[in-house]
Amino acid sequence: MTQEDLKNLPKIVEKFKKSNYPVALTGAGISAESGIPTFRGESGLWKNFRPEELATPEAFRVHPEIVREWYNWRREIISKAKPNPGHYALAELERYNPNFTIITQNVDGLHLRAGSKKVIELHGNIFREKCSRCNRIYNEPVYETLAYCDCGGLLRPDVVWFGEPVTSINEAINVALQCDFMFVIGTSGIVQPAASLPFYAKNNGAFIVEINLEPTPISDIAHVSLYGKSGEILPKIVNNLIKT
Ligand code: NAD
Ligand code: ZN
């Protein structure tokens, strides 16, 4: 965060205070400081597979054991991880304004564990299983390499894979169309349809604040972009909010 960015904090806080319906769209970056690898970059690789090669219905059809093994590895990392100061700062913002809503692309459940209540999990939750035949949901994860539903269908994690429809997208679009303030945090802004949500919000007049390590396609439409770690920037925003 630069000196210039620090000067922007009071303006962001002022806008947040005046907002009736503030929202945050979060991506893998907000959980990076909890030790959960993002999809982009070196840390996303597993046994030399890229996540885009594993998080697909095709991959599961051809190699269900490899896909489930990858998810079980990720589940182990996530179950050991704890929410970081970025997650806690967002939970604090909901206490300040109970309308504050999080739309997350993350499947790790860390916003809920940090105490946020209004959370739309766009891409599902990695700890649930879903039957690939009858769609029955199981709330407990099964760590076996291959696991089956009572109907005989193979179980898969209850997450949205590349190329699959996002069932909660209409709810998220409604939120984006109604909000008057949107944080866009730790998302590369290239995974659709989530990446369109800031554009809906902007077209509807919302004030857009981006927090990321580096510029993204969202930077073009953001009113303010703060470059740095969300676990460091968000607590500064909350401190400023509480003090003023
Ligand atoms: P992404 O991996 O494509 O991008 C992560 C973004 O976060 C990058 O732009 C990066 O610059 C930024 N970033 C990294 N560390 C940061 C930090 N400390 N502070 C602020 N920004 C930081 O993630 P995406 O945009 O969420 O999209 C990828 C898909 O991956 C989503 O569908 C999501 O479901 C899935 N995913 C989820 C998790 C999780 O649940 N924790 C982890 C990996 C991937
Ligand atoms: Zn079934």
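In this predicted model, Ile-237 touches Leu-9, Val-13, Phe-183, Ile-211 and Leu-226, apart from residues up to four places away in sequence. Ile-237 is also among the residues with the most contacts inside the largest nonpolar core, together with Leu-90, Phe-183 and Leu-226. That core has 24 residues. Helices H1 (3–18), H6 (85–96) and H10 (230–243) each give two or more residues to the core, as do strands S7 (181–185), S8 (207–212) and S9 (224–227). The largest share, five residues, comes from H10. Another core, of 23 residues, lies apart from this one and includes Cys-179, Met-182, Ala-206 and Ile-221. In soluble globular proteins, nonpolar side chains tend to be buried together.

The account now turns to the metal site. Which residues coordinate the zinc ion (ligand 2)? The donors are the SG atoms of Cys-131, Cys-134, Cys-149 and Cys-151, at 2.3 to 2.4 Å. Along the chain, these donors follow the spacing C-x2-C-x14-C-x1-C. The angles among the four donor atoms run from 102 to 118°, and the site is tetrahedral. For four tetrahedral donors, the ideal angle at a metal is 109.5 degrees. Cys-131 counts as buried because its relative accessibility is 0%, under the 20% limit that the term requires. Cys-134, by contrast, has a relative accessible area of 41% and is therefore partly exposed.

Strand S4 (124–131) also contains Glu-129. With Arg-75 in particular, the side chain of Glu-129 forms a polar contact of 3.0 Å. The C-alpha atom of Arg-74, a residue 55 places from Glu-129 along the chain, is separated from that of Glu-129 by 14 Å.

His-123 is placed in the loop between strand S3 (119–121) and strand S4. His-123 is buried, because its relative accessible area is 10%. Beyond residues up to four places away in sequence, His-123 touches Thr-104, Gln-105 and Val-107, together with Asp-158, Val-159, Val-160, Val-166 and Val-191.

Terms used:
Residues numbered from 1 in each chain as written. Chains lettered and ligands numbered in written order. Predicted model: local features only at pLDDT ≥ 70, side-chain atom pairs only at ≥ 80, totals over all residues. Heavy atoms only, no water. Core = buried A, V, L, I, M, F, W, Y, C linked by side-chain atoms within 4.5 Å. Buried < 20%, exposed > 50% of the residue type's maximum accessible area, 1.4 Å probe, protein only. Helix = DSSP H or I, 4+ residues; strand = E, 2+ residues; numbered from the N terminus. Contact = heavy atoms within 4.5 Å. Donors = N, O, S within 2.8 Å, 3.2 Å for Na, K, Ca; no water. Tetrahedral: all angles 85-135°; square planar, octahedral: opposite > 155°, others 65-115°. Polar contact = N/O pair within 3.5 Å; in protein donor to acceptor, adjacent residues only side chain to side chain.
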